[in-house]
Amino acid sequence: MKFSLEKLFWSGCGLLAVFYALLPVVWIVSLSLKRPADLNDQRFFASQISFDNYRNVFGDAQFPAALWNSVGIAGIATLLSVTLAMFAAYAIVRLEFPGKKAVLAGALAIAMFPPVAIIGPLFNLWRLFGLFDSWAGLILPYMTFTLPLAIWTLAAFFREIPWDLDKAARVDGATPLQAFIYIIAPLAAPGVFTSAILVFIFAWNDFLFATALTSTNAARTVPAAIAFFTGSSQFEQPIGSIAAASVVVTLPVILLVLLFQRRIVAGLTAGAVKG
Amino acid sequence: MAEIVLNQVSKTFPDGTTPLKSASFTIQDGEFFILVGPSGCGKSTLLNLIVGLEQLSGGEIRVDGQLVNGLDPKDRNMAMVFQSYAIYPHMTVRENLAFPLKLAKLPQTEINHRVSQAADILELTALLDRKPASLSGGQRQRVAMGRAIVREPKAFLLDEPLSNLDARLRVQMRGEIARLQKRLGTTMLYVTHDQTEAMTLGDRVAVLHQGEVQQIGTPQTLYQQPANLFVAGFIGSPGMNLLPAQINGTRLMLPIGEIEPAQQPPQTGNQLIAGFRPEHLRYIEAGCESAADLVFEATAEVVEWLGAELFVHFDTHCPPAWLQTDWPAELSGKIHADGRLSCVARLDPAVSIKKGDRLLFALEAGKIQLFDRQTGCNLHNDSCNRD
């Protein structure tokens, strides 16, 4: 009796949390499916489902360009950040070098730094270097601000990999790089995926850098582009389009997490050593 | 196949610890050579130096006459089996075995041939497509061995390969490794802390203690003529009984009695240490003692009956005057504050002895070995190099 009550309590709590978290998402989805005329009908669910908003969003030149920018910039930033972080984290875990603690502490300090504090200087610098309103101009800050997180996550994963495996690979005839590529990197895959997803989500969701450092469709990403949405006429509210764009931009992230969550959770090192 | 020559090899870590002081010895081609010692004696460090995972601080290592000091581990063509097995968990058994061959860029047909051959030898054929996670401890051990033999290396280096197995499996794998080495005829260097493994497997055994080689020899030599106190106490299970002793004229005074030694020790001070193996104590009836024997009476404190053998522990008492002397660590650690010193006898399990029985023991003078009190060296053995 006590057991089932306890179970009920925890299930109730879980349901409450899920409901609370998903309510805005459901609302946005419902909004995006309403006809433009029904937007103010004060109903939670759309009375008649229409895809007009999606058609509008993709019909405008601005949104597909922004989507492409988002995919490209977030993808490249993720790739660069994770690759660099893998090498850095491996060095931090496996090598003894002076200033090892300083590197880790420095990385943490960068992660704590409020991005908004550097927006002004960065804006001027980027205009000077010609990086303003370019992909590189966004990739660089995304990479920089996500590197610490990636390094710390990956270092934790590398620490779990028995050092004997590197040694065995070296004795088996591998160069240090081969040992890293064939043995260590595959075993750290869950960590790589975890940090890649975190980095991607950061870059994908960022609004601050995206609005401040871009001005045209050349590099404006979706979160920034949404803010510039206008209705098809000046008397029409762009809420429907915004909702549709938000749904479109949320989908890849949800898909990513659903696809890779098994990968993230799976402990690949099982069976490496005794146990 | 290779002859490995170590010449004054030493290792000092940046933090100042010196796990290996100076080791010089030669491992013959095709020999099964054992490094044995308590944990922290430097044996694993020595292995890592030979395979190249750590850099030497001094001295040189030659393999077949070629200096390998600066050679990368991948260029030494030695195979190593780790205590943790270190099998690659994301690869199947087949991929594990093929990994060193792929790195050596062998043709695929040759790789397949060698992998199936190794799998045959180690009875891994049925497991080739399994992942390590689904293997038992013994099977993982065999995969690790397999990955070593597919390469046909110059030498096998094994770092405590059996210490993660249960006792029964350990005995079985011990036999398999010995057979494998005889069959392949490859030089094998085997590190262990278990002196039973050392005695049963090795052609020759090197005993290490505190980063120094104490003695190198066949298991028989180590057992019968230990070079010093450490080897005497370490080799044998239980180790040699050690007693403080004093020379009085030509007589040897022991806590258990006095006797004319079989061989007069060289004059190095009149206090020394006497040692004898537990099996050299004979349990006798009153009136049967012979003149050459030291006969004494003791009370059985602990009786351990193991089926094939019987261990009887008894106490002797150091004369209080001797307690003032500085005895070496191997002995002083065993003397209680009141002078009590425990000894053990290995007897025929057929005799029935109970705890508390008064027993009569006889010890032949020729079985007593004498050690120098300061250096710990065996006084009748020249091979001692302890300074």
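Hi everyone, two housekeeping notes. Residues are numbered from 1 along each chain as its sequence is written, and chains are lettered from A and ligands numbered from 1 in the order in which they are written. Since the model is predicted, local features need pLDDT of at least 70 and side-chain atom pairs count only at pLDDT 80 or more, while totals for chains, interfaces and linings use all residues.

Let's begin with the whole chain. Chain B has nine helices and 20 strands; these are DSSP runs numbered from the N terminus, H or I of at least four residues for helices and E of at least two for strands. Its C-alpha trace spans about 75 × 45 × 35 Å along the principal axes. Of its 387 residues, 42% count as buried. Here, buried is 20 or more other C-beta atoms within 10 Å of a residue's own, exposed is 12 or fewer, and partly exposed is in between, with C-beta atoms placed from the backbone. Take the contacts in chain B between residues at least 6 apart in sequence: 69% of them join residues at least 24 apart. A contact is two residues whose C-beta atoms, placed from the backbone, lie within 7 Å.

Now to helix 4 of chain B. It has 13 residues and reaches 19 Å from its first C-alpha to its last, close to the 18 Å expected at 1.5 Å a residue; that expected span is 1.5 Å times one less than the number of residues. Is this helix mostly covered or mostly open? Mostly covered, with eleven of the 13 residues buried. From helix 4 of chain B come B:Gly137, B:Gly138, B:Gln141 and B:Ile149, meeting B:Leu169, B:Met173 and B:Leu184 of helix 5. Sorted by type, this contact has four nonpolar residues, three polar and no charged. Nonpolar covers Ala, Val, Leu, Ile, Met, Phe, Trp, Tyr, Cys and Pro, charged covers Asp, Glu, Lys and Arg, and the others, Gly among them, are polar.

What about the neighbouring chain? The contact takes 25 residues from chain B and 22 from chain A. On the side of chain B, strand 6, helix 2 and helix 4 each give two or more residues. That side divides into 18 nonpolar, four polar and three charged residues.

Finally, some backbone details. B:Glu123, in the loop between helix 3 and helix 4 of chain B, has a positive phi of about 55° although it is not a glycine. B:Glu160 also has a positive phi, near 45°, and sits in the loop between strand 7 and helix 5 of chain B. Which of these is buried and which exposed? B:Glu123 counts as exposed, with 12 C-beta neighbours inside 10 Å, whereas B:Glu160 is buried, with 20 other C-beta atoms within 10 Å. One cis peptide bond to look at runs from B:Ser237 to B:Pro238, with omega near -5°. Thanks, everyone!
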